[in-house]
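Please work through each task before reading its solution.

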Amino acid sequence: MAGCDDLNNARKKLEAALGENTKQYFQLMKLWFQLKSTKEEFDTESRKLMTADQIHLHNEFLLRLFDRCQSLASVPSHSSTSKMSSKIPFSPSRTTNSAFKDKTNKKPKVKRRNRSDKGNFEPADIADYIFPPNAPPPHAQEKPLRYSAQELFLPDISLIFGRMLLSAWEVGLDGAEKPAAELLVVAVQHFLKNVLTAILGRRKGYKVREDRFLYALGSTVPNPWLRNTANIIDDLKLSSTADVNEEEEQEEEEEAEGSPVHKLTLDEIEQRAAYEIACGDVGSTARYPVTAYQVLEALQTSSAKEMSNEKDKSVVKVGDYIIIQRQNYTKLHKITQNGLAMLGKDQIELGSIVGKPVWTTYKMEPKKNGKRVFVLRECTSSESLAEQLKKDLSSGSDNRNIFDDGRSQLLSTEEIVGLRSSGLSGQAIVGHLIENSKTFRDKTEYSQEKYLKKKEKKYFEYVTVRWPTIRLISEIMFRTDPVKIMGLRIDTLSQIITNIGMHSHGTYMLYESGCQGLVVAAMLNNMSSGGHLIHIHPGNSPQKQAILAMNYTSDHMSCLTSVNIYSLLRKLLQDSSVVSEDANSSVSDNNKEAAEDNKDFSHVDIKEEEDIKPDTNSENNETVSTVSKENEVVIKNETESTNLINEKKRKHSDNDENTSKKPRWELETEKAADILNTHKADGLIIIAREHPTNILTALLSFVAPSRPFVVFSPCREPLLELYVTLKGKNNTTGLRVTETWLRSHQILPSRTHPDILTSGGGGFLLTGIVVEQESITQEQH
């Protein structure tokens, strides 16, 4: 602290001498610290601000500053061991056993030096220490002062401490302390580590511990086409962060739970490493240095929230969508200030979860108002009613003497409702039901467990707040109303994403009409800032329920462009007609055919083909007629809006004002058209309630060759007709019509079997690959 006081005294004397020029003096010093001026320029300019009698204050201040920064750099960082060793003197009794106390207390023998020993001095040549007559002085050969940007090293504590002092003086503070500089040095190192981890993790394999810590960078990436059982059982326990006082409690818990996980031997480690290499990718990745572009890409894709362990994302805020889970029941809910949520007939107040992290478990405590209104109290874990009540109960051998006559329960319905309204806990209510049951103790163990799980599902008192995912949202929508999402199941959704071959920087087109934005949200979940997703819809506005539920950031939503199909096709045809007028007359025959095909869809009417039987597709005809009416209204609105824009252009001559007054749908349409004109789409997905033939034919010309397309339909007949239509053309290959089958199973000891209630089907898929027409026609000729 003495050095810091001397520095502050020197600074105050210099500020008193400079007066109004103090701010300008520190501005010159800041330019010197930023390498925008040299030390000589700083001295020259700063001496102009003071008299000859005040120059010694300037020199004294700089000397104090340099001494303070260099002292921090020369002294190693202190640790807890150094502090303890400096405070506690050395004592042999502290480090040795009691059996050796007598030996250590004896006086050590002094080794006498022999008089004949003349020391270890060696003769030196004087010429080695004499400089040549024309040689420059030693200080002239020293390298100039270079900072971290020039030396390509991280800034040390002396450099950071000097910058902190200058910044503190500019805002009126007395200075900075050494622990603040040390903390900033560590923060810079951790930030650089996070950036390098993000860069290397994008181009090399790695492993994950505790679902967040990346390690073993450079390991082999598992081959998805090989059967790999290496990661089915994870032998790694969660790393212990307990204090010394908590180690005994942890050992007691391990003894109560059972024997701890054994440590792997050297042979097992070698066998596991060999197995991972055998199951990994055999291709070797090229090693090249990290470039500035990769650093920029890592900073853009890995935001500050992700680098700080997603601290902000893991906290519930007002306006976010969350998943409320009560056992196996899940519900999607939007958080409002002092909002309420309904779980069955129970009403829950959610005001207490705002600002709390997700994956927090709460206990439902009833309010004292006689209604089924509950408040949430945070708890560490949930308790199972079945496990607690089954401990002290006896069971029967079989159920042959049990008859379901409705008289086994002595409590009436009014009494059970009174128990619940009185504010008793779920465990107490289930306990009363068991005590007043005549046949419960005669049931078998399996029957008792089934009865308790049934009652636990009704009286369970714990809920968990989770963050929405595509799987949870898909399961909730499919459970509540599958018709709203066209019966699209989670396994069919995964097949769509897999067949389209998505990558984060691709350009994709998606036509969706009647899926609540579920496929859009799933595709947007796999894209980064460099990708583009063109969401095409038939109406005035797209469906965004699933997109809003995913709580995407603005950077993520910038990849999405929602356009109307008629506006997009009209804009693309206008651009193609302008290009065809300016181009040469030597246009290939295939391009002319594609232009003629597109002209047929300038007035697209999504309707059934004439050869379709009306009795089999009556529902489709009804939906098509309603959609075509809506589309006619959209076209009329668009023509009216274009007329209004033309009138405004006549009135105003400024082009910038006209572009700023364009409606949002027109800007989105121009953006989508520019994307497709510069680069064709890498894939096309159609999820349509209408017949997909006309839609696919209109959009297929904007898909790049060798790119996949997927068409989903809840019934098989439209896809078979589309299959026959595409077989008659020469622009697609690899056509397949598939159906996925999913059935969940109950996994219990001695009771593993498929679930009785399951869905009949998850829809049908038509997949294929786009090819160039020119190459096929040339081969035919």
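A salt bridge is a side-chain nitrogen of Lys or Arg within 4 Å of a carboxyl oxygen of Asp or Glu. By this rule the count comes to 16 salt bridges. The model is predicted: local features need pLDDT of at least 70, side-chain atom pairs count only at pLDDT 80 or more, and totals for chains, interfaces and linings use all residues. Residues are numbered from 1 along each chain as its sequence is written, and side-chain values use heavy atoms, with hydrogens and water left out.

**Exercise 1.** Determine how the axes of helices α9 and α10 are oriented to each other.

*Solution.* Step 1: locate the helices, which are DSSP runs of H or I with at least four residues, numbered from the N terminus. Helix α9 covers residues 157–170 and helix α10 residues 178–203.

Step 1: take the geometry from axes fitted to C-alpha atoms over the stretch in contact, with angles running from 0 to 180 degrees between N-to-C directions. The two axes come within 9 Å and cross at roughly 120°.

Step 2: classify the angle (under 35 degrees roughly parallel, over 145 roughly antiparallel, 65 to 115 roughly perpendicular, the rest oblique). Helices α9 and α10 are therefore oblique to each other.

**Exercise 2.** Identify which residues of α9 and α10 meet, and classify them.

*Solution.* Step 1: apply the contact criterion, heavy atoms within 4.5 Å. From α9, Ile157, Ile160, Phe161 and Met164 meet Lys178, Ala180, Ala181, Glu182, Leu184 and Val185 of α10.

Step 1: sort these residues (Ala, Val, Leu, Ile, Met, Phe, Trp, Tyr, Cys and Pro nonpolar; Asp, Glu, Lys and Arg charged; the others, Gly among them, polar). The contact comprises eight nonpolar, no polar and two charged residues.

Step 2: examine Glu182 and Lys178, whose side chains form a salt bridge with an N to O distance of 3.9 Å. Both residues belong to α10 and are four residues apart, about one turn of the helix.

**Exercise 3.** Is the salt-bridge partner Arg326 buried or exposed?

*Solution.* The closest N and O atoms of Arg326 and Asp346 are 3.1 Å apart. This pair links distant parts of the chain, with Arg326 in strand β3 (residues 321–326) and Asp346 in strand β6 (residues 346–349), 20 residues apart; strands are DSSP runs of E with at least two residues.

Step 1: apply the relative accessible area classes (buried under 20%, exposed over 50%, partly exposed in between; 1.4 Å probe, protein chains only). Arg326 is buried, as is Asp346.
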